[in-house]
Amino acid sequence: MAGRIEDYALIGDMQTAALVCRDGTVDWLCLPRFDSHAIFAGLLGTEEHGFWRLGPAHAADSQPPTASRRTYRGDSLILESEWDTPRGTVRVTDFMPPRDGAPQLIRIVEGVTGRVPMRSVLRMRFSYGRVVPWVHKHDGRTVAVAGPDSVWFDTSAETYGKSLTTYADFTVAPGDRIAFTISWQPSHKEAPPLPEPEQSLEATEDFWREWVEHCTYHGPYREAVIRSLITLKALTYAPTGGIVAAPTTSLPEDIGGVRNWDYRYTWLRDAAITLSSLLRTGYREEARAWREWLLRAVAGDPENLQIMYGIAGERELGEAELDWLPGYENSAPVRVGNGAAHQLQLDVYGEVTEALHLAHMTGLARNDYASLLQLKLIRYLEDHWDEPDEGIWEVRGPRRHFVHSKVMAWVAVDRTIKLIESGDADGPLERWKELRDDIHRDVCERGYDKERNTFTQSYGSQELDASLLLIPQMGFLPPDDKRVIGTIEAIQRELSTSDGFILRYPTAGGDEGVDGLPGDEGAFLACSFWMADDLAMIGRVDEARKLFEKLLALRNDLGLLAEEWDPRLKRQVGNFPQAFSHVPLIDTALRLTASGAYGG
């Protein structure tokens, strides 16, 4: 049975990632890329769908023991888990070396005290648990083959097969170190080189130490910021610079419900805040790679921006359901691909333009295509900004005139005007200034409820939406504008949970609401960070700090956050770990540090 979402640790090699539970079970791993088929899909099903458990031996009819403690080794993505047993203490070190060949997952067992009986149970199931591979020996190595994939298993421990599963039973004493490695290779190629676990461990530790040294933030929230930056780096597909929203699919926003989506793709909406966080913490190379990914993904068809792309810029992300998987805690269906890729979301034009503007303003090396792209985007918006769309949250209900989408259209025009005024581009300046004024006036007249003193989710709606919190952050209105303050206070009243966290928008429970889906969802963590930002901007800095520190307390023991927090179940929910939670965490920490709003 899979653990709670927050029970998992992330390890990865900047091309894919694995989730390791507290009991030493790897329940999720896609090879060779984030968006490849999983060879361990127990997270979304049962042990029959693939897992790898490594930990103290236990009776067959009992639950495997959970680690007594676990931590990342310093500022790295190297996981260390320790078990205190009646026979002694043992440590397991899990990591994935930054890739220079075949992807590898390495697990090193080390005896600490006493003599501890251990067991490795490896059940590989390809194609998200559907395919049982052919497992056999080849030149003394164990290899599993199915179709285009092969996975090689190497260890000095003696192994045996039973019930389509590979086992190893062994005992460790102080000083003993026994390594286990799986390596992926296309099945038509020769075997990958024999792994060198100890050298790989040293190289991996060196990589993370050197990478973290580039961080320029040294404020009071450094631990949380560093862990979030490492998580973002881990979610980056190194060959292209694209950042996946999360390394998982179909972890539910509503336990037992249908709000289950594939997040192993790159969303344009993340562009501006991701670039901002990277640039403001010293990671210019990552920001440059992200911008280059963005330009390649959009190239050739900028007028038809998708809201998301594959990690190499792929456009076709067709959605399918895996009916052989019961889903995490019976949250079905399990989906791969994402049908929202072809929705109309006008806000992405603003988000892309804001990302390019930030890169330009912070001195990132000029890219002429970036300026040309901005001009093309505005020419498209001139004719389409006043159309209804699906909005930032990818609703599957009818299109609406979402206020946030209009605000971001205004952002796109405003930033392009600034580019022209700086002398770095040519365009119809006066005409676009009029366009900017038209959009601003339209939003303020049609998206604002004078009686309640708040902006609304969409034109003519009475509902609120947490994306309205971005109005002052995007510069659409100043923070001290009474309409901004009224909107912040209205969202606090109407979209706040009993814990003080923020929902994206009202859901309809058992009925279909604005998003076209039944059921509820938890508090959206990015929105809660946005609220802390807004509170700081309007001078309520102590309140902002308290909310921020409550949000930090939701992180699991390793500093990781999912997409949402369920206030009823007191659990993290949604795909995990979620870039769109860790990026605003960084931004809020920087804002509060600059304001001096911290408790020590």
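Q: Which way is the crossing of α7 and α9 handed?
A: The crossing of α7 and α9 is left-handed, that is, the near helix is turned anticlockwise from the far one by less than a right angle. Helices here are DSSP runs (H or I, at least four residues), and strands are E runs of at least two, numbered from the N terminus.

Q: What should I know about the model?
A: This is a predicted model; local features need pLDDT of at least 70, side-chain atom pairs 80 or more, while totals for chains, interfaces and linings use all residues. Residues are numbered from 1 along each chain as its sequence is written, and side-chain values use heavy atoms, without hydrogens and water.

Q: New topic. What is I273 in contact with, leaving aside its neighbours within four places in sequence?
A: F580, V583, P584 and D587. I273 itself lies in helix α4 (residues 271-280).

Q: How far apart are I273 and I586 in space?
A: 9.6 Å, C-alpha to C-alpha, though 313 residues separate them in sequence.

Q: And aromatics: which residues form one cluster with W52?
A: F153, F170 and F180. Rings of Phe, Tyr and Trp (its six-membered ring) pair if their centres lie within 6.5 Å; planes under 30 degrees apart count as stacked, over 60 as edge-to-face and the rest as tilted.

Q: Are F170 and F180 buried or exposed?
A: Both are buried, meaning under 20% relative accessible area, with exposed over 50% and partly exposed in between (1.4 Å probe, protein chains only).

Terms used
Contact = heavy atoms within 4.5 Å.
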